[in-house]
Amino acid sequence: MIVTVAVIALLVLPTAGEPVPGKAAAVGTVQPSAPSSTQPEAAPETAPDLPSGEPPQPVTATPEFAKQVKANELGLIPVIMYHRIMKKRLASIDRTPSQLRQELEKLARQGYVPITAREFATGDIRVPAGKFPVVLTFDDGHASHFALDAQGAPKKDTAVAIIYDVARKYPDFRPVATFWINSYPFGLQSQSDQAKAVQWLNEHGFEVANHTWGHPNLGVLPKKKVREQIVRLERLLKKLGAPLSDTLALPFGSMPHPKKVARTGSWGGMSYDFAGVFLAGAEPSLSPYAKKFDRNAIQRIQSNGKRGECRKWCSQYWLEWLNKHPGERFVSDGDPQRISIPRKSRGNITAKRIGQVNPY
């Protein structure tokens, strides 16, 4: 059962009962920040070298190889939701740079490899054999997510800088993530600065996509206003020289009515058609190859510990749960052309992917 969230407060809402995939709790989100008056520092002509965000080289997975690496490409995938990255947290869903770094390093040690939300929603999952995909998502395009320093490198303690630090320490940890933005990406006021930031991220393998223009609760807006909010942000991305979005994150996780207006529609002569629409919580997502996968309402997990309302619904809980239930987790076969699964799971694959199945 998918539970759509419409929470304006900055808190996680508790839900009683033992969490099981398919029964979600509600998770809060935070309003986007006001535009920053701080201008980005000028970058030199030659920026420092950074770890590559290119996907790994594929292999050819035979049934015997898939069995050897215990591939299960119908397993659950954690899509982790972050908001502001701040030295002093102001809301329950904020994370400190140290907390973000610790969580990413834990993911790297446990064998997780990042992919973007676009890659996940389209089923383009390129992860080394025996490893597990994870989707790192950052909402609201906050200034703490990305900025460049005077040397042209991602500024210390921003989300992007921390991702690169972890990739240097753990070479298999691919430095990619998805940033869902609103009308003032990364707190930048001028369109030229916004364009530089968005283009830099796209050129380095990150995804910058749609979180609506003004971060409203879409669940209370008429259809026309929902379409306007989405298209205005698409127009901004086009002006900034970025690709149009393949994914949308719902503000507050709130689903509009009807549901389909979030994924496809048009306004003012411009249309949109997303590969995936993402909620605000609160469990791992089904594999995009699964028969029951709903690309109109993709689950995410809020990054947080196991205190209070998060004791059963946030990232620490779910990552521990997946470690205790390895048979439920997506394990890659390293072959993006094949979908390797235990033979007993063959009936759970979506019909359009049957031809790719590599059962063992």
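Leaving aside neighbours within four places in sequence, Trp267 is in contact with Lys224, Arg227, Glu228, Val231, Arg232 and Arg235, where contact means heavy atoms within 4.5 Å. Trp267 itself sits in strand β7, residues 264–267. Helices (H or I, at least four residues) and strands (E, at least two) are DSSP runs, numbered from the N terminus. Lys225 is 42 residues away from Trp267 along the chain, and the two C-alpha atoms are 9.0 Å apart.

All of this comes from a predicted model, in which local features need pLDDT of at least 70 and side-chain atom pairs count only at pLDDT 80 or more, while totals for chains, interfaces and linings use all residues. Residues are numbered from 1 along each chain as its sequence is written, and side-chain values use heavy atoms, with hydrogens and water left out. The pLDDT, the predictor's confidence in each residue from 0 to 100, averages 90 over the protein chain, and 87% of the residues score at least 70. Residues 1–30 are another matter: pLDDT stays under 50 there, though the model has 98 contacts beyond four places in sequence for this stretch. Where pLDDT is low, the predicted coordinates should not be read in detail.

As for the overall make-up, the protein chain has 7 helices and 12 strands. Of its 360 residues, 55% are buried; buried means under 20% relative accessible area, exposed over 50%, and partly exposed in between (1.4 Å probe, protein chains only). Among contacts between residues at least 6 apart in sequence, 71% join residues at least 24 apart.

Inside, the largest nonpolar core has 49 residues, and Leu104, Leu136 and Phe138 have the most contacts within it. Such a core is a set of buried Ala, Val, Leu, Ile, Met, Phe, Trp, Tyr and Cys residues joined through side-chain atoms within 4.5 Å. The elements giving two or more residues to this core include β1 (79–82), α2 (97–109), β3 (132–139) and α4 (159–169), with α4 supplying the largest share, 6 residues. A second, separate core has 25 residues, among them Ala117, Phe278, Phe330 and Ile341. Back in the first, and not counting residues up to four places away in sequence, Leu136 touches residues including Ile80, Tyr82, Leu104 and Ile163.

Then there are the aromatic rings. Rings of Phe, Tyr and Trp (its six-membered ring) pair if their centres lie within 6.5 Å; planes under 30 degrees apart count as stacked, over 60 as edge-to-face and the rest as tilted. By this rule there are 16 aromatic pairs. Tyr82 and Phe138 make a stacked one, 4.8 Å centre to centre with 20 degrees between the planes. Tyr82 lies in strand β1 and Phe138 in strand β3, so this pair ties together parts 56 residues apart in sequence. Both Tyr82 and Phe138 are buried. Phe179 and Phe206 form a tilted pair, at 5.9 Å centre to centre and 50 degrees between the planes. Phe179 and Phe206 are buried too. One aromatic cluster takes in Tyr82, Phe138, Phe179 and Phe206, along with Phe146, Tyr164, Phe186 and Trp200.

Finally, Ser245 lies in the loop between α6 and β6 (247–249). Ser245 counts as buried because its relative accessibility is 7%. Its side chain has a polar contact of 2.6 Å with the side chain of Glu234, and the Ser245 side chain also reaches the backbone nitrogen of Asn210 at 3.2 Å. A polar contact is a pair of N or O atoms within 3.5 Å; within protein, one must be able to donate a hydrogen and the other to accept it, and residues adjacent in sequence count only if both atoms are side-chain atoms.
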